[in-house]
Amino acid sequence: MAAAARAAEIIRHGAANRGALHWENKSASDFVSEVDRNAEQAINEVVASRHADARVLGEEFSPAMTDRTGLVFVADPLDGTTNFLHGFPWYAVSIAALVDDETLAGVVLNVANGDLFSATAGGGARMGGQPISVSPITEPTRALIGTGFPFKDGSRVDEYLRVLPRIMVETAGIRRPGAAALDLADVACGRFEAFWELTLAPWDIAAGMLLVREAGGIVTDLSGAPAKVGHTGLVAGNPTMHAWLLERVGTPSGGRPEAPGPGFTE
């Protein structure tokens, strides 16, 4: 929480001076600015001051780190950079703490509106300190579904578009806010009944997956196997809507379905 708060201060300062920011392209439609880098540096400094033996797997400075032994913080210093750069108020800091590759704690802080989501393994999920749970809605025609476009990988656009129309007509609506950490937080607190995206990175999902699971939801990869913190596709939701969505967007597998977390009762 301390690291997320420090990063948020830097992001808010950058938002107040957005017109002077310099953008760079990491790839097509994928941007970075000094705000992203400064926020990640602040996270590194807070971690180093409290856990000298820990390492940070971060989007900007250490995205290729593969050693997950011991204490590792997985951080997205500014999830929703494109939103931030355009003044669209939906962007966040996401940080998770892993020990030997097991996620034990996570925080997602919506910098634009102050919503603070947190979770600990076995301790439940919270928003603003109050317990949260996934939505009880199980009827697709009443369900609001979150998604993310395959904006970095044009080769998967056709795959995405093949499933989109069916979900559009069978649900109450689809939303693509543009920050996966917040999409997962919105599943955890019941704003979305379910969410899917074809390709996500570890820093996009590490904290959000714990939020959903601790709020009583299910998070799997596209094959239906329990999702791990890595580069993967994702389907998340309350147990009923997760199963419904996975049937439509998933790929065949032998993966064993994940059991629902403790925070969901139908």
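Buried means under 20% relative accessible area, exposed over 50%, and partly exposed in between, with a 1.4 Å probe and protein chains only. Helices (H or I, at least four residues) and strands (E, at least two) are DSSP runs, numbered from the N terminus. This is a predicted model, in which local features need pLDDT of at least 70 and side-chain atom pairs count only at pLDDT 80 or more, while totals for chains, interfaces and linings use all residues. Residues are numbered from 1 along each chain as its sequence is written, and side-chain values use heavy atoms, with hydrogens and water left out.

**Stop 1: helix H5**

Select residues 180–188. This is helix H5, and 9 of its 9 residues are buried. Among them are Leu182, Asp183, Leu184 and Asp186. Now step just past the helix. Gly190 has a positive phi of about 90° there.

**Stop 2: helices H1 and H2**

Select residues 2–16 for H1 and 34–50 for H2. Their axes come within 8 Å and cross at roughly 155°. Axes here are lines fitted to C-alpha atoms, for helices over the stretch in contact, and angles run from 0 to 180 degrees between N-to-C directions. H1 is therefore roughly antiparallel to H2. (Angles under 35 degrees count as roughly parallel, over 145 as roughly antiparallel, 65 to 115 as roughly perpendicular and the rest as oblique.)

Show the side chains between the two helices. Contact means heavy atoms within 4.5 Å. On the H1 side, the meeting residues include Ala3, Arg6, Ile10 and Gly14. On the H2 side, they include Val35, Ala39, Ala42 and Val46. An α-helix has 3.6 residues a turn, so residues three or four places apart point the same way.

Now pick Ala42, in helix H2. Is Ala42 buried or exposed? Its relative accessibility is 4%, so Ala42 counts as buried. Leaving out residues up to four places away in sequence, Ala42 touches Arg6 and Ile10.

**Stop 3**

Two strands pair if DSSP finds at least two bridges between them. Colour E3 to E9. These 7 strands form an open sheet in the order E3-E4-E5-E6-E7-E8-E9, with mixed pairing. The edge strands are E3 (55–58) and E9 (130–131), each pairing on one side only.

Select E5, residues 92–99. The rest of the structure largely encloses E5, because 7 of its 8 residues are buried. On one pairing, E4 and E5 are antiparallel over 7 bridges, and Leu71 stands opposite Val99 in E5. E5 and E6 are also antiparallel, over 8 bridges. Look for Ser94 opposite Val108 in E6. E5 and E6 form a hairpin with 2 residues between them. In that turn, Asp100 has a positive phi of about 50°.

Move along to E7 (116–120) and E8 (124–127), which pair in the antiparallel sense over 4 bridges. Phe117 stands opposite Met127 in E8.

**Stop 4**

Select E10 to E14. Their order in this open sheet is E11-E10-E12-E14-E13, and the pairing is mixed. E11 (173–175) and E13 are the edge strands, each pairing on one side only. From one strand to the next, the twist averages 15°.

E10 and E11 run parallel, joined by 3 bridges. Leu144 has Gly173 in E11 as its bridge partner. Helix H4 lies across E10, E11 and E12, running at about 175° to E12. Helix H7 packs on the sheet too, touching E10, E12, E13 and E14, and its direction makes about 140° with that of E14.

**Stop 5: helix H7 and Asn238**

Select H7, residues 239–249. How many of the 11 residues of H7 are buried? The count is 8, including Met241, His242, Trp244 and Arg248. The buried residues pack against E10, H4, E12, E13 and E14.

Finish at Asn238, in the loop between E14 (232–237) and H7. With 0% relative accessibility, Asn238 counts as buried. Its side chain reaches the backbone oxygen of Ile137 at 2.8 Å.

Note on methods: A polar contact is a pair of N or O atoms within 3.5 Å; within protein, one must be able to donate a hydrogen and the other to accept it, and residues adjacent in sequence count only if both atoms are side-chain atoms.
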